[in-house]
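The following note sets out points for the attention of a colleague examining this entry.

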Amino acid sequence: MANSIQYSILDISPIPQGFTAGDALRNSLDVAQHAEKWGYTRYWVAEHHNMTGNASSATAVLIGYIAGGTSRIKVGSGGIMLTNHAPLVIAEQFGTLESLYPGRIELGLGRAPGTDQVTARALRRDLLGSDDRFPQDVRELQHYFGPIQEGQSVKAIPGADTNVPIWILGSSLYGAQLAAHFGLPYAFAAHFAPEQLLEAMSIYRELFKPSAQQATPYSAFVMNVVAADTDEEAQHLYTSLQQHFIRMRRNTRGQLPPPIDDIDSFCEPHEKVAVTHMLQCSLVGSLETIKKGMRTWLDRTGANEILFTGQIFDHQARLKSFEIAAQAAQSL
């Protein structure tokens, strides 16, 4: 690479209309295998539940599938929603993954449920005060991943002494402050919640305290990428993501729709304005357009890494988009 910027992928394993979860999961592995060839640093999958358009709910299982089908790229969670799980369970899952694929597994943690409250209750965790336990749960995980202490009654086997790298994920200032306090790498979910991106990055760097895992601050942010041979083609492909977010606002979620010729015919002007704001951290266009936008966002954020996420209806077009994004990152 011509520069020191790392570039990676965050995948929610989108299910296009007319396809199955199995199709989406196999597509995710195919993307990961190509990403490895194209120089991507890591491939993360995100935990979501009760969403008919996403197939990444059993996140640790999917990570094992992707790690088993690749050989070098780091594979992890972007993230595990820790409020849904007992820390010991996550320590055992990721300790098992690290034991099978040493040096390649990462654990990104978020504190949102990744779903609605009814589904969160169905995940069988006490909802009262669970967000408030996030810092303690992170510390508990670090304890399980460390060496077994004399007299330790509860051990993660596998998990103990694996030192699985932990990231803190977030879309607000809370995660930035926590990551800085714990001395952990930090990733911001700007692909759907960009408002506090710049402030969060600044706070993280200012407050960072070195730790055993991370001596200096290391930050990344997630952005949407829809790249194609021309700006016009990319804008056409992008209408799938626009429709998806408009449907979210209407509470009519579904599988990822095919692109359409005119997004204005699909929505009201106020809906388009709202979704444009939500998706402002997006790169849509040809190689040159993607490159210019990437440079602008890196300069604004001061981040060490970009995580690209791409919800594109056609699988081959999605592969090409990630390939162009890699070319743009390499040429900065």
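Which residues of β7 are buried on one side, and which on the other?

1. In this predicted model, Ser219, Phe221, Met223, Val225 and Ala227 are buried on one side of β7, and Ala220, Val222, Asn224 and Val226 are buried on the other. The strand spans residues 219-227, and nine of its nine residues are buried.

2. Strand β7 pairs in the parallel sense with β6 (residues 186-188) over three bridges; Tyr186 has Ser219 as its bridge partner. Five bridges join β7 to β9 (residues 305-309), also in parallel, and Met223 is partnered there by Phe308. With β8 (residues 282-285) there are four bridges, again parallel, and Val226 stands opposite Val284.

3. The model contains eight aromatic pairs. Tyr7 and Tyr40 form an edge-to-face pair, at 4.8 Å centre to centre and 70° between the planes. Tyr7 belongs to β1 and Tyr40 to the loop between α1 and β2, so the pair ties together parts that are 33 residues apart in sequence. Both Tyr7 and Tyr40 are buried.

4. Phe19 and Phe313 also form an edge-to-face pair, at 6.3 Å and 75°. This pair links the loop between β1 and α1 with the loop between β9 and α11, 294 residues apart. Phe19 counts as partly exposed because its relative accessibility is 40%; Phe313 is partly exposed at 22%.

5. Tyr186, Phe188, Tyr204 and Phe208 form one aromatic cluster.

6. Two arginines deserve mention: Arg111 lies over the face of Tyr174, 3.8 Å from the ring centre, and Arg250 lies over the face of Phe266, 4.9 Å from the ring centre.

Notes:
Residues are numbered from 1 along each chain as its sequence is written. This is a predicted model: local features need pLDDT of at least 70, side-chain atom pairs count only at pLDDT 80 or more; totals for chains, interfaces and linings use all residues. Side-chain values use heavy atoms; hydrogens and water are left out. Buried means under 20% relative accessible area, exposed over 50%, partly exposed in between (1.4 Å probe, protein chains only). Helices (H or I, at least four residues) and strands (E, at least two) are DSSP runs, numbered from the N terminus. Two strands pair if DSSP finds at least two bridges between them. Rings of Phe, Tyr and Trp (its six-membered ring) pair if their centres lie within 6.5 Å; planes under 30 degrees apart count as stacked, over 60 as edge-to-face and the rest as tilted. A charge sits over a ring if NZ of Lys or CZ of Arg is within 6 Å of the ring centre and within 35 degrees of the ring normal.
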